[in-house]
Amino acid sequence: MGVGKSTLGRYLAKTLGYQFVDTDKLIEQREGRKIMEIFDSDGEPHFRALEHNLTQEIIEWKRTVISTGGGLITQNDNLKILKRSSFVVCLWASPETIYQRVKCQQHRPLLQTNNLQERICELLKKRSPFYKQSDLIINTDNRPLRVVAQLMIRQYHQAQSKNPKPLH
């Protein structure tokens with residue numbers, strides 16, 4: 001969260017002529033309520049089940065840039081599922097950068113805490129082993145959107161020449 005997945009995803013999709021899907025927004029649309037409401041009323045396990053079900057659909061999508069929530073790949077073999085059919089990119093930022101980007105946001109259920117910086121570090125530590133299994137990891141600290149997008153596109157095309165997969 002706070003690394004630029006949605007912003008970059010929209011830009012990348014437009015550049016490639018692909019469609020763009022944000023899994024959190026799609027879940028909200030299908031459920032008719034915000035992620036925060038899903039967490040509050042049904043809990044994180046229910047939300048993770050919704051993500052997993054969506055992951056089963058994603059593997060069939062073509063010419064689509066997909067922005068997933070930061071926790072999606074840590075649950076229910078979702079990363080293995082995605083990697084079978086998708087080029088998986090992890091956008092990374094330092095805890096300090098993430099903190100600066102999300103500190104005023106109230107819509108992130110996992111960040112509703114008194115010590116936001118500690119929580120960010122905790123989530124990154126827990127998720128890092130999964131993120132490191134991505135096909136590509138790009139640090140977004142102090143990098144303009146256009147530069148990150150160019151790096152992704154170059155690596156994506158290089159990977160496509162070896163093993164064609166949609167970009168996620």
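Biologist: In which sense do strands β3 and β4 pair, and over how many bridges?

Modeller: Good place to start! This is a predicted model, and in it β3 (residues 89-92) and β4 pair in the parallel sense over 4 bridges.

Biologist: Which residues of β4 lie on its covered face, and which on its uncovered one?

Modeller: The general idea is that side chains in a regular strand alternate between the two faces of the sheet. Here, β4 (residues 136-139) has Leu136 and Ile138 on the covered face, while Ile137 and Asn139 sit on the uncovered one.

Biologist: Which residues touch the most other members of the largest nonpolar core?

Modeller: In soluble globular proteins, nonpolar side chains tend to be buried together. This core has 42 residues, and those touching the most other members are Leu12, Leu16, Ile27, Trp61, Leu91, Ile98 and Met152. Helix α8 (residues 145-162) supplies the largest share of the core, 5 residues.

Biologist: At what angle do α2 and α4 pack?

Modeller: Helices α2 (residues 23-31) and α4 (residues 44-58) pack at about 110°, their axes 11 Å apart. That makes α2 roughly perpendicular to α4. Among the residues that meet are Leu26, Ile27 and Arg30 from α2, and Phe47, Leu50 and Glu51 from α4. By type, the residues of this contact are 6 nonpolar, 2 polar and 5 charged.

Biologist: And Thr68: is this residue buried or exposed?

Modeller: Thr68 is buried, because its relative accessible area is 16%, under the 20% cut-off. Thr68 lies in the loop between β2 (64-67) and α5 (78-85). Beyond neighbours within four places in sequence, Thr68 is in contact with Lys5 and Thr23.

Note on methods: Residues are numbered from 1 along each chain as its sequence is written. This is a predicted model: local features need pLDDT of at least 70, side-chain atom pairs count only at pLDDT 80 or more; totals for chains, interfaces and linings use all residues. Side-chain values use heavy atoms; hydrogens and water are left out. Axes are lines fitted to C-alpha atoms, for helices over the stretch in contact, and angles run from 0 to 180 degrees between N-to-C directions. Helices (H or I, at least four residues) and strands (E, at least two) are DSSP runs, numbered from the N terminus. Angles under 35 degrees count as roughly parallel, over 145 as roughly antiparallel, 65 to 115 as roughly perpendicular and the rest as oblique. Contact means heavy atoms within 4.5 Å. Ala, Val, Leu, Ile, Met, Phe, Trp, Tyr, Cys and Pro count as nonpolar, Asp, Glu, Lys and Arg as charged, and the others, Gly among them, as polar. A nonpolar core is a set of buried Ala, Val, Leu, Ile, Met, Phe, Trp, Tyr and Cys residues joined through side-chain atoms within 4.5 Å. Buried means under 20% relative accessible area, exposed over 50%, partly exposed in between (1.4 Å probe, protein chains only). Two strands pair if DSSP finds at least two bridges between them.
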